[in-house]
Amino acid sequence: MRINCPHCGLRDLAEFTYQGDASRALPELSAQTGSWNAHVYDRENPAGLHREHWQHSGGCRAHLRIERDTLSHAVSEAVMVRPSPPVKNQPIRSRGRK
Amino acid sequence: MKPGNKRQTRRNSHFTPFVPALLSGTTGIRAAREMKEYSALKVLTNTLTGNRGWKPAWRKAEPKPSYDVIIIGGGGHGLATAYYLAANHGITNVAVLEKGYLGSGNIGRNTTIVRSNYLLPQNIRFYEYSMKLWESLSHELNYNVMFSQRGILNLAHSPAQLDDYIRRGNAMRLSGADGKVLYPDEIARFVPGLDLGGSQRFPVVGGLLQPRAGTARHDAVAWGYARGADRHGVDIIENCEVTGFLRDGGRVTGVQTSRGEIRAAKTAVAVAGSTSRVLKLAGIDRLPIESHVLQAFVSESIKPFVDTVVTFGGGHLYMSQSDKGGLVFGSDLDGYNSYAQRGNLPVIHDLMSELLALFPGLDRIRLLRSWGGVMDMSMDGSPIITIGPLDGMYLNCGWCYGGFKATPASGWCFAWTIAKDEPHAINAPFGLDRFYRGMLIDEKGQGPTPRLH
């Protein structure tokens, strides 16, 4: 199994750490205990397409969201969990001159 | 899932005294009288008459329209449940439905280890009861399951780890199991070929031995239970996949299968590995379970090399030698959700490194076969044997990767639960509601991260 990291390209499974089901959403803070129980313990566990979090822990360390088939291990999508914030390319030295 | 199964909650506090099946006398003797099919005399007469006198171990049964109990899953646990329903509770109008051929799942995919070296009281009680059933199983079934009590040795690689093992050993002994601490000089005599330096990185400082642990012939366990159940009149129906559940209001009244509808007063599910898939057919979309793949390996056959089961505490490795001479070993889960029954290379690489750290002399041994099985990984690493979650339904699942050794006790307890509509004291702590009541049985203390159990 290999995963196509948006930063690093197609890399071997050994470089990645699994972080579990990405389809779970936190309940509202005001939710009943039962909803929190379900959030912590219950999983859909599908046979087929599964959305999951991985970290490229042996590479760029980015957290990825991946769609993978649990029957074939084929990875169909790998994106950053959060898009990177815009990077300012201004050189540090130029800052004080204005 | 909704929290709380009231009936079960109420029963948790009371303890029903029990006597192991063999000690109670009736079951073992009855089984032996009814099932003397294989004997020295039979072998002799069949040899002289062209082996025409044997019966198939189980009939190719056709599904009837209805049964008292349907058991979904013809693996070790399903077959054991059918056997104990018939032998212990007199419920013989039972069908076992298997989607493939008998024993094609994890009963034939494990590394055959039987042990009861647990720390938590609920676990020791359950697995030690299983161990007692194992010790009389060949006699009970009149079928040689080749249970070999060759011991299991957990190696410790730091003083802290050894302290932890000693604590577990004491807990085992307090609960009636057996355990013994070995130090390096004893280990060197017990397991020749072991590098006590652990290639210097993981020196062996001691180990916890459970002498009564060992291995069994896994296929024979399935075949023995299947034959025992069949001789009591249970229908074992292979190539019969469940495709849906029949409902009457909220109550489950049977199943739809690839071979037609079958009705039953009680429907039991014992399909560890596929529990989420099967329960989805009943409208239960979420369970405290993830399915993961675990790989196992066999080397080419070599002369007798190790006569016990050895486990490596610096990572995760367990190894024994089969009667055919192949080294049988396994390691961790691959660590991601999978139903594929095959794994990937990183785990194999880690496992081989660990094997060679312990046994450098094996570096020229070739791998013969490797395969994968799908595990029901529960959220606390312990199984679920319970009434529900729907009316008319009974659930046996969440075996993580310790299901094989539990086969007899799992079937015994599940049969009790089905027959009496209440859990036995041994399996009462293993209800589905424990996740919602904060009564988790987390042997390793890992929390709800199934890949770490």
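**View 1. Strands E4 and E6 of chain B run side by side.** In chain B, strand E4 (residues 152-156) and strand E6 (residues 206-210) are antiparallel and joined by five bridges. Look for B:Ala156, which sits opposite B:Gly206 of E6(B). Helices (H or I, at least four residues) and strands (E, at least two) are DSSP runs numbered from the N terminus, and two strands pair if DSSP finds at least two bridges between them. This is a predicted model, in which local features need pLDDT of at least 70 and side-chain atom pairs count only at pLDDT 80 or more, while totals for chains, interfaces and linings use all residues. Residues are numbered from 1 along each chain as its sequence is written, with chains lettered from A and ligands numbered from 1 in the order in which they are written.

**View 2. An open sheet of eight strands in chain B.** The order is E5-E6-E4-E13-E14-E15-E12-E16, with mixed pairing. Strand E5 (180-182) and strand E16 (367-378) of chain B are the edges, each pairing on one side only. On average, neighbouring strands are turned by 25 degrees against each other, direction ignored. Helix H11 (residues 345-358) of chain B packs on this sheet and touches E12, E13, E14, E15 and E16 of chain B. The direction of H11(B) makes about 140 degrees with that of E15(B). Contact here is between residues whose C-beta atoms, placed from the backbone, lie within 7 Å.

**View 3. Helix H12 of chain B has a kink.** H12(B) (residues 403-420) bends by about 40 degrees, centred on B:Ala409. The bend is the angle between axes fitted to the seven residues ending at a residue and the seven starting there. Of the 18 residues in H12(B), 16 are buried (20 or more other C-beta atoms, placed from the backbone, within 10 Å of their own). Just after this helix, B:Asp421 takes a positive phi of about 55 degrees.

**View 4. Helices H4 and H12 of chain B cross.** The axes of H4(B) (residues 76-89) and H12(B) come within 7 Å and cross at roughly 45 degrees; axes are lines fitted to C-alpha atoms over the stretch in contact, with angles from 0 to 180 degrees between N-to-C directions. Among the contact residues are B:Tyr84 of H4(B) and B:Trp412 of H12(B).

**View 5. Chain A meets chain B.** The contact takes 20 residues from chain A and 24 residues from chain B. On the side of chain A, H1(A) gives the most, with five residues.

Note on methods
Buried ≥ 20, exposed ≤ 12 C-beta atoms within 10 Å, placed from the backbone. Contact = placed C-beta atoms within 7 Å.
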